[in-house]
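Thanks for coming. I will go through one structure, starting with ring pairs and ending with a helix.

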Amino acid sequence: MDSIYFFIADTTMKQAVSHMLASYSDLPDLDSVTVKTEIVDFPHMVAQAQHMVRAGAKVIITNSGSYQILSAAIHEIPILCLYSSTYDALYTLRQASRYKKIHLLLNKHFIFNPDICPPDLRAKLIIHEPYSIDDTYDQLLARIQDIPITPDTAIVGCTLLPQIANIVPLPVFPIRPSESTLLSVFQYALGIVRFQRQDRRQLSTLESILSHVTDGIILYGAGGAISHINRQASIFLGIPADTENIRTIFPDWHEGTKPSFKDRIIHQPPYTLVANSDSFISGQERQYILTLRDVTELQRLEKNIRYKLSRTGLEATHCFSDIHTADAHMKQTIAQARLMATYNAPVLIQGESGTGKELFAQSIHNAGPRHNGPFVAINCAALPPDLLESELFGYAGGAFTGARKEGKAGLFEMAHKGTIFLDEINSMSPNIQSKLLRVLETKQVMRIGSDYIIPLDIRIISASNADILAAVQAGTFRRDLFFRINTLKLNLPPLNDRPADIPYLFSFFLQSLGESPKELPENLRQTLLQHHWWGNIRELYSAALRYHIFGETGDRTYSYLFDAPANEGTEHLLAPGTVALDMKHLETAIQQLVIRDLMEQGYTQTEIAKLLHVSRQTIFNRLKK
């Protein structure tokens, strides 16, 4: 409990304090403090007060003479003075009025007006020159001993005078403060304690807040004197929390009205810090605040903000357990992908549309070391080149007509500390290919219209639905970019090369649509196996959904399940169920292969007709089949 000390001159004053406390026991806040009384031992006054401070005193109340000494020696807590007035002195003088000579000894801080004394009392007064608080005990005793000793002589003075004059055979009348003075000063002391308690509570709250912020904070004043260092600043800089001056930390610091630190980079391994300072006026004194931010933490926060503010889904929802297969080759592919997931190297996934390239990309992300980071996917073929560039790299405010005023973060920025999936990368324009190459080489990105470089930490997973190596050989895809994204390559087999998966996945899709497990009719099973799945898994799911809706219709060919007759797609050179060779079909198939190959080389239908010595209509008919 907080303590208030009455540090007074004698037992009479002690009794007066006890009487006052008893009379006003209902004072607010009185029950929340401990009131103690101690009598001054003049030669050891300062040592006594220091002991009170160590014992937990929050306020010391004392007489005017001792107040002048203690206020100069004690700075830890408030010292309050029980001032005595001219009327208190007059009251004491009347008590000594029976004496013919009254010597009045006051210190120079005591305000006394002799003009208000009655003439009879004024005639008896001998007013001595006020003494200084710097006078020693012996000096004051010498002044008292100079007073002539007679039966009609008395001394009136401050409350400590009886202790000094106790060896002099003269009556001494101390001037004591009134009860109203005792009460008013004590109430003031209670108010101080209450405000101290509030200040301590606020200071404790402030210190608790400063100790929990992630920034380092140093508060300092004029001359660099530090008033507070929070825990994070002590950790960042490796300094004790009781460091006294800012120059101890930064020898080149100089005081001024302008901030001494402005985006200053401080390398303090393992931290890279950004220091900024500002000044403010507290009372009438200029104070400074220095903030230290960890660049790594800023990057983490920036990544979280990018993630939360993005309206796109930045989360990979699939993992390897979502990939269902009965095919041995596909199982090997999954095992290979699991191994790739443990590394941060770029992955190129090749496969026809509908083979599950994004499913594998998400699974690789979720099984890898970046699974807690964002997963950002974009289809490079879905956007025109100009729009794709701004989506990938972002742009600064006002970079082009229609740009947002505040600018926009690109997908590379959003993928920081995570994975970016570039689907159909083979359709990317040469201009964007060159910019993508630079991002991969420097691990930095610059928004369109900006000169600010943003560091990146991302993993690239690319996908192509065509032979990207052929595009490199044809000159439509950069060779150097190909080797950047092709560190690890994953080839996904088409559904036609996974015959075991066709009935297996068809049954799986039916069960996912709510049907109970059951064997597929043999005729349906054979029809599924003979169909050319040019849409891969997507087409298979579509067929399963149609079968779930329509069921068995009596159509033995099950043509209603497919988007084209089952005998279209890849022509069978041998009729099913026989070993007879259909030469007409063979000739037609060969012609179609030759025509398509020549068209891929850039020949027109007219030029191909001349080369094969057939009409242009024949070429058209072959392509139509």
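Is Phe-509 buried or exposed? Phe-509 is buried, at 11% relative accessibility, where buried means under 20% relative accessible area, exposed over 50% and partly exposed in between, with a 1.4 Å probe and protein chains only.

Some ground rules before the rest. This is a predicted model, in which local features need pLDDT of at least 70 and side-chain atom pairs count only at pLDDT 80 or more, while totals for chains, interfaces and linings use all residues. Residues are numbered from 1 along each chain as its sequence is written, and side-chain values use heavy atoms, with hydrogens and water left out.

Now the rings. Searching the whole structure gives 17 aromatic pairs. Rings of Phe, Tyr and Trp (its six-membered ring) pair if their centres lie within 6.5 Å; planes under 30 degrees apart are stacked, over 60 edge-to-face, the rest tilted. One of the pairs is Tyr-220 with Trp-253, edge-to-face, with 5.6 Å between centres and 85° between planes. Tyr-220 is in strand E9 (residues 216-220) and Trp-253 in the loop between helix H10 (246-249) and strand E11 (264-268), so the pair ties together parts 33 residues apart in sequence. Helices (H or I, at least four residues) and strands (E, at least two) are DSSP runs, numbered from the N terminus. Tyr-220 is buried at 0% relative accessible area, and Trp-253 is buried at 4%. Ring pairs also join Tyr-220, Trp-253 and Tyr-288 into a cluster.

Back to Phe-509. Its ring and that of Tyr-541 have centres 5.1 Å apart and planes at 85°, so this pair is edge-to-face. Phe-509 belongs to helix H19 (residues 501-512) and Tyr-541 to helix H21 (residues 536-550), 32 residues apart. Tyr-541 is partly exposed, at 35%.

Last, helix H1. Its 13 residues (11-23) should span 18 Å at 1.5 Å a residue, and the end C-alpha atoms are 18 Å apart, which agrees; the expected span is 1.5 Å times one less than the number of residues. Met-13, Val-17 and Met-20 are buried in H1. Viewed down the axis, the buried residues of H1 fall within an arc of 65°, so they line one face; the arc is that of the directions from the helix axis to the C-beta atoms. Gln-15 and Ala-22, on the other side of H1, are exposed. The buried residues of H1 pack against elements including strand E1 (2-8) and helix H8 (179-212), with contact meaning heavy atoms within 4.5 Å.
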